[in-house]
Amino acid sequence: MEEDETVHYDGAEGGWGSVRGIVETALRERARPAALDTLRRQNKAGGFMCVSCAWGKPKEPHTFEFCENGAKATLWELTSRRCTPEFFAAHTVSELKTWADYDLEQTGRLTHPLRYDPATDKYVPCGWDEAFAAIGAELKAIDPGAAVFYASGRASLETSYLYALFARLYGHNNLPDSSNMCHETTSVALKDVTGSPVGTCVLADFELCDAIFFFGQNPGTNSPRLLHPLQEAVKRGCKIVTFNPIREKGLEVFKNPQSPKEMLTPAETKISTLYLQVKTGGDIAAITGMMKHVLAKEAELWATEKRHVLDVDFIAQHTDGSDAVKAHVEATDWSEIEAESGLARADIEAAADIYIGAKRSIAMYGMGLTQHVHGSDNIKLLVNLFLMKGNIGRDGTGVSPVRGHSNVQGQRTVGITEKPELVPLDKLAEQYGFEPPREKGLTTVDACAKILSGEVKAFVGLGGNFVRAIPEREMMETAWIKLRLTVQIATKLNRSHLINGEVAYLLPCLGRSEEDLQASGPQAVTMEDSLSCIHGSLGKAKPTSPELKSELAIIAGIAKATLPPNPKVPWDAWLGDYAKVRDAIEETYPEQFHDFNQRVFTPGGFYRGNSARERVWKTKSGKAEFTVPKKLNSWGIGDKAGRWRLMTLRSNDQFNTTIYGYSDRLRGIEGTRDVLLMNPDDIAAAGLVEGQIVGLASDADDGVDRQVGGLKVTRFLLPRGCLGAYYPEMNPLVPLSWHDEESKTPAGKSVPVRIVT
Ligand SMILES: Nc1nc2c(c(=O)[nH]1)N[C@H]1C(S)=C(S)[C@@H](COP(=O)(O)OP(=O)(O)OC[C@H]3O[C@@H](n4cnc5c(=O)[nH]c(N)nc54)[C@H](O)[C@@H]3O)O[C@H]1N2
Ligand SMILES: Nc1nc2c(c(=O)[nH]1)N[C@H]1C(S)=C(S)[C@@H](COP(=O)(O)OP(=O)(O)OC[C@H]3O[C@@H](n4cnc5c(=O)[nH]c(N)nc54)[C@H](O)[C@@H]3O)O[C@H]1N2
Ligand SMILES: [Mo]
């Protein structure tokens with residue numbers, strides 16, 4: 001298969017294309033003048049922390065420490081368009097449901113608190129006090145266990161801490177967040193095998209490593225600032241090996257838009273030394289193959305030179321279970337490995353040789369590993385490989401999941417989790433004088449199941465677009481309207497705001513780039529990046545509307561109206577001065593957040609520490625765990641004729657359910673999102689022709705009819721048997737039961753489908 005046969009993009013990631021992307025967005029969003037100043041302050045100490053991705057922010061930032069997509073996110077927030085009460089007076093909710101998601105958000109920033117009026121089928125303006133009182137009364141009238149408090153991973157540590165505290169004071173642990181659809185696989189699997197639920201790397205490790213192994217993450221689109229350390233690593237000789245079914249541009253070549261020299265010359269950096277187009281779900285097999293080659297080389301080198309490839313001292317002292325894994329790997333045939341990974345033995349061995357030759361290696365990964373039925377095994381296998389050579393807990397080494405939302409990791413750190421065992425409940429009990437609920441709360445998938453069964457009565461969404469982001473969309477939308485109460489806290493109108501419970505409120509909040517003025521003056525907030533560093537962020541842009549409240553103020557308002565007064569829970573004092581919330585966080589988590597207020601604006605953020613990095617293993621055995629995988633692929637269903645593995649993908653012109661536009665520039669797909677990406681040989685073998693319009697139907701063996709139509713067959717360089725199409729449009733095809741077995745993260749990267757003509 002030749003690349004020329006398929007659609008593709010000739011330029012590098014970065015470069016003039018990304019500059020054009022920013023300019024086009026500025027025009028399309030009709031960005032306010034404040035946007036430029038905000039961009040200049042983006043991701044710098046004392047500045048404002050980007051709302052796009054969670055990648056680390058360096059101590060010495062670039063002049064413009066932002067990327068194409070970070071700029072788009074800021075410009076999106078600082079649009080001059082407004083979605084006002086007059087707009088809602090002119091359109092019924094039923095009419096708005098017929099609009100495209102893109103057009104809903106193009107109406108601009110929400111300006112007033114709104115109540116849904118079922119009699120007129122319209123949103124009508126309401127006062128804040130009225131909204132808080134009504135929501136409080138509804139929450140008081142139901143069993144707290146029947147309420148779900150969702151969070152999309154943006155809200156600050158301060159707001160998140162109070163949101164989680166509110167849930168527990170009220171009486172539940174039903175705190176799913178976007179992480180439950182994203183890196184929950186990481187939180188569960190890494191915790192199991194290393195004792196720490198987050199990555200072990202810091203930025204300095206990227207200056208020391210000799211090799212980086214990159215699995216299923218697309219930095220060119222989703223974390224472009226990560227391309228800077230990658231480019232610098234390549235320039236000093238570090239090798240990058242990529243496993244991805246798609247040849248993503250950012251992992252092939254990069255032109256630094258921050259470098260005038262690179263922008264004016266043909267200079268670009270080749271990023272990946274070796275690019276292996278693993279079959280979707282084939283990573284366990286590929287990593288098993290690498291381990292097999294490492295073990296073979298170990299035997300060979302020991303027999304001939306009495307030297308080790310493995311770090312035998314580390315394995316003996318720090319790990320558990322290596323013998324079983326060795327036996328398993330040795331018993332696995334290369335023929336199975338090749339069939340399951342879709343890769344040739346020689347290529348896997350070449351990757352393993354790079355691993356063997358490198359003194360210090362880093363593993364990076366994203367949704368390509370987490371969103372599978374055996375996603376946890378993907379991650380555990382990667383850790384196996386890294387334990388073999390002691391590549392965790394040494395400078396220049398480690399496992400580094402690339403997280404999604406800008407504070408998704410931090411939300412977990414300060415208590416937004418459905419897993420009570422991860423929260424210092426005794427400490428909270430003492431600090432606030434109450435008995436916190438101890439029973440397990442609902443994950444996103446559990447919450448959906450209980451909305452379907454009618455057991456959940458109330459849903460509060462702190463940001464996000466839940467109904468669009470979850471699996472099983474059609475069924476969920478039908479069940480959703482049976483909820484008694486829905487409350488959405490948001491900056492812009494989206495689909496989830498049009499599917500309402502009997503009582504429904506849409507509460508508009510300040511964006512992070514806007515000034516948040518409270519009794520003690522302008523307030524800073526904090527977030528945690530993927531590398532466990534905490535950064536302060538100060539919004540300076542003039543608020544969209546004087547009616548807006550901060551997310552923290554909205555949570556405090558609802559909490560006060562719901563809970564009995566408690567002198568130990570000073571909502572008004574917290575609202576007046578967020579430093580007091582940081583004091584409360586410090587009291588709950590003294591080890592990680594000591595001197596919190598003094599350290600808020602530390603350049604590069606302050607590191608909250610990671611036990612696994614120190615080789616302290618907080619696991620069941622007290623050691624790092626080797627794991628025998630249950631299967632050789634992470635695809636949870638057998639192959640059969642006519643069944644395809646569908647990956648749901650993000651384009652370069654979206655942020656999750658927010659569609660900025662219709663240009664997936666780095667993949668060469670323009671003007672539409674209604675495409676079905678397919679290998680040209682598969683198109684022919686399936687009797688289709690390029691450009692034909694087809695549909696997809698669920699092939700999950702559960703008898704449920706799920707269909708999406710209107711997709712244009714598009715030739716694309718993919719492994720045989722794999723299909724690609726865009727998220728969130730494909731979400732009706734994902735069964736609710738189709739998720740990682742251990743963490744319940746929906747398995748959006750290997751959805752079984754049939755093609756319907
Ligand atoms: N501009 C922009 N930035 C974003 C986001 C956005 O939507 N837009 N979303 C944010 C969020 S919340 C998140 S979680 C991150 C998501 O960032 P990523 O983790 O990069 O997520 P995806 O783009 O969904 O897919 C990742 C890659 O996995 C590959 N892949 C699919 N299946 C497999 C497989 O079986 N094996 C392997 N090895 N690879 C596979 C795909 O080809 C794709 O390149 O980005 C964050 N940043
Ligand atoms: N099939 C499939 N499904 C997936 C995925 C996939 O790859 N494939 N990815 C999953 C992943 S990784 C994630 S993280 C989820 C994302 O799920 P969510 O986090 O729920 O969705 P987003 O699209 O990020 O939410 C966008 C909305 O957030 C609101 N918003 C924006 N900024 C702010 C703010 O500052 N404050 C508040 N309160 N609201 C704000 C706006 O109203 C906007 O419309 O989707 C998941 N679903
Ligand atoms: Mo995510």
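Which polar backbone atom lies 2.7 Å from an oxygen atom of ligand 1? In this predicted model, that backbone atom belongs to Asn-656.

Asn-656 is also among the residues that come nearest to ligand 1, together with Asn-244, Glu-248, Asp-283 and Gln-654, out of 30 residues around the ligand.

| Residue | Protein atom | Ligand 1 atom | Distance |
|---|---|---|---|
| Asn-656 | polar backbone atom | oxygen | 2.7 Å |
| Lys-749 | polar side-chain atom | oxygen | 2.9 Å |
| Gly-368 | polar backbone atom | nitrogen | 3.4 Å |

On its own, ligand 1 has 920 Å² of accessible area, and the protein covers 99% of this.

The domain assignment divides the chain into domain 1 (3–77), domain 2 (82–178 + 417–602), domain 3 (184–406) and domain 4 (644–756). Between domain 2 and domain 3, the contact involves 13 residues of domain 2 and 14 residues of domain 3. The C-alpha centres of these two domains are 37 Å apart.

Domain 2 and domain 3 bury about 930 Å² between them, with 49% of that area on carbon and sulfur atoms. On the domain 2 side, the most area is lost by Lys-419, Ser-530 and Leu-531, which together make up 50% of what that side buries. Lys-419 also forms a salt bridge with the side chain of Glu-184, at 2.4 Å from N to O. The side of domain 2 that touches domain 3 consists of three nonpolar, five polar and five charged residues.

Key: Residues are numbered from 1 along each chain as its sequence is written. Chains are lettered from A and ligands numbered from 1 in the order in which they are written. This is a predicted model: local features need pLDDT of at least 70, side-chain atom pairs count only at pLDDT 80 or more; totals for chains, interfaces and linings use all residues. Side-chain values use heavy atoms; hydrogens and water are left out. Domain bounds come from an automatic or database domain assignment. Contact means heavy atoms within 4.5 Å. Buried area is the accessible area (1.4 Å probe) that two parts lose on being put together, summed over both. A salt bridge is a side-chain nitrogen of Lys or Arg within 4 Å of a carboxyl oxygen of Asp or Glu. Ala, Val, Leu, Ile, Met, Phe, Trp, Tyr, Cys and Pro count as nonpolar, Asp, Glu, Lys and Arg as charged, and the others, Gly among them, as polar. A residue is near a molecule or strand if one of its heavy atoms lies within 4 Å of it. A polar contact is a pair of N or O atoms within 3.5 Å; within protein, one must be able to donate a hydrogen and the other to accept it, and residues adjacent in sequence count only if both atoms are side-chain atoms. Accessible areas come from the Shrake-Rupley method with a 1.4 Å probe; for residues, only the protein chains shown count as cover.
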